[in-house]
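Visitor: Could you take me through this chain, beginning with its surface and moving on to its interior?

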Amino acid sequence: MNSLSQLDQVKTTPWSGGRSPWSVEYGKIMMWFFLLSDAFTFSSLLVYYGAQRFTKFTWPDPDLVFQSIPGVMDSGAPLVFVGIMTFILIMSSVTMVLAVEAGHRRSKNEVVGWMIATIIGGFMFLGCQALEWTHLHHEGFWWGTIPKAEELQHFFVGPVSNVAAQQFANLFFTITGFHGFHVFTGVLLNIIILIMTINGTFEKRGHYLMIEKVGLYWHFVDLVWVFVFTFFYLV
């Protein structure tokens, strides 16, 4: 008892650090630090892509590269499929917001429902990305590989550049793959949180703060996709 009282006394001294200026829980601050460092990584990749894109006289046209709906049609629908992917990911962010809000009200059943919806959205996005990768690989794009000369000209408006096509392929699969890895990690975290919610872990703790922490990560992944979508599919 004496040792515990001494520890409590130390915490009240002027050198203990006092009250957090933002009144934010430690784990949430650490999540923000992680997301900030991850933002630097994505930023460096996208800046490098932009540097390659705008220092080349020619570049694969997104409307020509991404004009298929895998399994439905091979051409004639520019950016439709990626639009569907983006909508799915944004809607999963909405369901995550609803899960966090339900957690604030400590409504276990609603949290479970919205987390399941978020997980389904994440898997749907990953499935769509796998279909897109498979289609582009079938077209001839891959790390270190581009379509043959007679096929490559279909993806350019104007002069054809093998160097530009190879840079595009390498960076596309690297950056979207890195983002897909983050989405997959987020889905796994959401599954863990869902299991903990079903088991009543957060009810015992008296709060659902962990839902909010994982929600920050999920919203970050969605925000990064907006920039990836802009750089690769629109510019």
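Visitor: What share of the accessible surface of the chain belongs to carbon and sulfur atoms?
Guide: This is a predicted model, and what follows is computed from it. The accessible surface of the chain comes to about 12,900 Å², and the part of it that belongs to carbon and sulfur atoms is 68%.

Visitor: How many helices and how many strands make up the secondary structure?
Guide: Read from the N terminus on, the elements run α-α-α-α-α-α-α-α-α. The secondary structure of the chain therefore comes to zero strands and nine helices.

Visitor: Which residues touch the most other members of the largest nonpolar core?
Guide: Buried residues make up 43% of the 235 residues in the chain, and the largest nonpolar core holds 61 residues. Two or more residues of this core come from each of helix 2 (26-54), helix 4, helix 5 (108-139), helix 7 (162-198) and helix 9 (209-234). The residues that touch the most other members are Ile-211, Trp-225, Phe-232 and Tyr-233.

Visitor: Which residues does Tyr-233 touch, not counting those up to four places away in sequence?
Guide: Among contacts between residues at least 6 apart in sequence, 75% join residues at least 24 apart. With residues up to four places away left out, Tyr-233 touches Pro-62, Phe-66, Leu-79, Val-82, Glu-132, Phe-172, Trp-225 and Val-228.

How values were computed:
Residues are numbered from 1 along each chain as its sequence is written. This is a predicted model: local features need pLDDT of at least 70, side-chain atom pairs count only at pLDDT 80 or more; totals for chains, interfaces and linings use all residues. Side-chain values use heavy atoms; hydrogens and water are left out. A nonpolar core is a set of buried Ala, Val, Leu, Ile, Met, Phe, Trp, Tyr and Cys residues joined through side-chain atoms within 4.5 Å. Buried means under 20% relative accessible area, exposed over 50%, partly exposed in between (1.4 Å probe, protein chains only). Helices (H or I, at least four residues) and strands (E, at least two) are DSSP runs, numbered from the N terminus. Contact means heavy atoms within 4.5 Å. Accessible areas come from the Shrake-Rupley method with a 1.4 Å probe; for residues, only the protein chains shown count as cover.
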